[in-house]
Amino acid sequence: MGQTRSVANPGDFAYTVKQQADIVRIIGEYVKLRKAGAQNYSGLCPFHGEKTPSFSVHAARQFFHCFGCGVSGDVFTFVQKIENITFPEAVRAVAQKLGIAAPKAQFNSPQEAREARTRGLLLDLHEAACLWFQEQLKRPEGAAAREYLRGRGLDDEAIARFRIGFAPESGFLLRDKLKPLADEDALRESGLFSWKEREDRAAVAGATSAAPAQPPPAALYSKFRNRIVFPICNESGKVIAFTGRTLATDDKSGPKYLNSPETPIYSKSRVLFNLHLAKEAIRRLDYIILVEGQMDCISVFNAGYHNVIASSGTAFTEAQARLLARFSKKIVVNFDPDTAGAAAAERSLALLVSEDFEIRILTLEQGYDPDLFVRRKGPEAYKAVLQGAQKYFTYLIERAQAQFPRTAEGKVKAVNYLLPHIQRVSSRIVRDELAADVSQRLQIDSAVLRQELRHVAGARTSTKIVQPPEAALTEAERILLQALSSGSELAFTFDDDNGEQQVYNPSEQAYYTLSSEQLHKGLRAEALIDAILKALAEGADLMTLPLSDSDRALLMSVLMQDHEPLTAELLHGAIGALRRRQLEHRRRDLRGQIAEAERNQDYPAVARLQQEQQEVDRALRHAKTV
Ligand SMILES: [Zn+2]
């Protein structure tokens with residue numbers, strides 16, 4: 001990692017926050033974690049695509065590590081990465097989650113400070129704009145908008161919950177409202193405004209003036225005019241963009257739906273509509289309802305299905321699929337892949353299949369979208385169709401059957417239609433099962449076709465399961481690493497032979513033995529142990545040691561797994577094993593040296609070496625009896 005690391009040091013604010021933060025709870029807000037051991041939790045890594053969990057969080061050590069992509073760190077590193085913010089922002093975000101008042105942030109560079117300031121400012125502008133749109137909806141000018149929303153079955157409560165607002169016809173009111181909060185550059189960057197460049201001011205930059213000409217202040221006007229405005233929120237519920245639905249009936253007023261452009265706080269491909277309101281229910285119910293439009297989403301939510309999100313009519317991105325996977329991998333897709341956004345729906349489904357989601361398809365009667373269905377038929381009827389949702393592959397097979405005749409030729413076509421879908425599945429076992437299912441349901445009795453189907457379905461290379469690298473360590477190394485990194489966790493007091501109370505600390509014993517005898521030389525963990533010894537000597541935090549990726553993985557594999565409790569006997573055994581190993585190495589070296597000395601007829605050296613060999617032999621005999 002070439003990045004500069006920011007750490008929490010005793011005495012500073014970050015340190016105080018870190019001590020109070022429960023990393024399992026905070027990461028648990030983003031990743032579905034399962035208890036994997038006494039202190040250890042695991043889940044699917046949010047930072048790389050994976051099917052088997054290799055992401056671990058250690059409760060006592062307040063640390064996470066992914067054995068798949070190697071990312072690791074403390075609660076701040078996590079929040080920093082997942083929210084894509086700087087260290088100081090992450091500290092403040094965690095403090096906020098804990099309800100601790102944060103002092104002013106400190107940044108690593110002016111650039112970083114500027115970016116953070118911009119993001120903060122843009123969030124403030126969006127919050128102010130959202131409040132203002134909400135106000136406008138209540139004004140006389142908002143009458144038509146209110147009427148439209150009533151017509152869609154939305155009551156005041158729903159309007160307030162989704163913070164739906166109204167953008168009036170005038171393009172300047174919002175600008176005047178937001179002007180006191182930010183300078184013109186920030187207003188432009190917010191994506192809330194459009195402007196027309198004045199051509200006479202352009203193109204004169206080079207000639208005389210050193211300072212750039214100020215853009216004319218009157219040029220900005222609101223992008224959203226005469227529209228119902230739906231805020232789009234990030235995962236934590238902060239408004240980051242808007243969708244505006246036009247109330248005009250003519251063509252001149254632009255598209256029916258208008259979205260905010262990409263800004264420093266809004267990236268369309270990483271956001272899912274309503275996730276902030278749905279995530280608790282998704283986690284609790286362990287499935288997601290996916291609809292296409294925002295109105296669909298709002299209606300289904302109001303009908304009591306709080307685990308609903310909207311794709312907003314575009315194809316899913318990998319980032320979105322991964323975002324969702326953090327909450328559940330079961331999804332009911334409630335849009336007809338045959339209709340309007342067919343291509344986008346098809347791509348979304350393909351992606352979800354390859355990301356190993358368990359998919360069901362909910363098909364509504366002809367002419368109904370989820371919004372209309374819920375309003376006309378009611379929540380109970382929706383519950384019934386939800387329960388009847390078909391497995392995706394059953395749905396596909398039925399589609400194939402409807403499309404192609406049951407002739408030999410038709411069956412070949414059906415198989416060809418289904419194969420690409422089957423091949424997207426990453427598990428070979430599942431692909432085999434699907435192929436068998438297809439053969440049976442399509443009543444394929446041609447052995448050749450059945451063979452071909454199974455062959456092609458099976459051919460895709462399966463994904464490798466990530467194995468923790470711990471296997472490379474000997475038992476003794478593992479025990480010493482565990483002892484070294486235990487701090488005073490494992491220390492205990494006992495009475496010595498003179499009846500005096502003594503403290504035995506495995507960490508200290510491992511430290512002194514390894515430092516003085518260098519028993520770890522030549523071991524797989526040599527570099528790692530050296531780094532830890534150095535850190536202990538300097539009193540540095542083991543969790544933030546600069547290590548190579550493989551050494552970090554090694555350390556984490558020891559720390560993240562539950563082993564039998566470390567006793568003094570185990571530690572002595574491990575030290576003994578390493579001593580014997582060292583002695584055996586020394587003995588082998590001595591044999592070589594003696595042979596060489598004999599060849600050189602250097603008899604004094606031979607005598608000296610032989611004496612040493614006897615000492616080593618004695619030590620070895622002794623070591624073996626201990
Ligand atoms: Zn990972």
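**Exercises: a zinc site and an aromatic pair**

The zinc ion has as protein donors Cys45 (SG), His48 (ND1), Cys66 (SG) and Cys69 (SG), at 2.1 to 2.3 Å; donors are N, O and S atoms within 2.8 Å of the metal (3.2 Å for Na, K and Ca), and water is not among the atoms, so sites may look incomplete. The model is predicted, so local features need pLDDT of at least 70 and side-chain atom pairs pLDDT 80 or more, while totals for chains, interfaces and linings use all residues. Residues are numbered from 1 along each chain as its sequence is written, and side-chain values use heavy atoms, without hydrogens and water.

**Exercise 1.** Find the geometry of the zinc site and the spacing of its donor residues.

*Solution.* 
- Step 1: the angles among the four donor atoms run from 102 to 121°, and the site is tetrahedral (four donors with all angles between 85 and 135 degrees).
- Step 2: along the sequence, the donor residues follow C-x2-H-x17-C-x2-C.

**Exercise 2.** Characterise the aromatic pair of Phe162 and Phe301.

*Solution.* 
- Step 1: a search of the whole structure gives 18 aromatic pairs (ring centres of Phe, Tyr and Trp, the last by its six-membered ring, within 6.5 Å).
- Step 2: Phe162 and Phe301 lie 5.3 Å centre to centre with 85° between the planes, which is edge-to-face (planes over 60 degrees apart).
- Step 3: both Phe162 and Phe301 are buried (under 20% relative accessible area, 1.4 Å probe, protein chains only).

**Exercise 3.** Identify the members of the aromatic cluster that includes Tyr30.

Definitions and conventions: Tetrahedral: all angles 85-135°; square planar, octahedral: opposite > 155°, others 65-115°. Phe/Tyr/Trp six-rings, centres within 6.5 Å; stacked < 30°, edge-to-face > 60°. Buried < 20%, exposed > 50% of the residue type's maximum accessible area, 1.4 Å probe, protein only.
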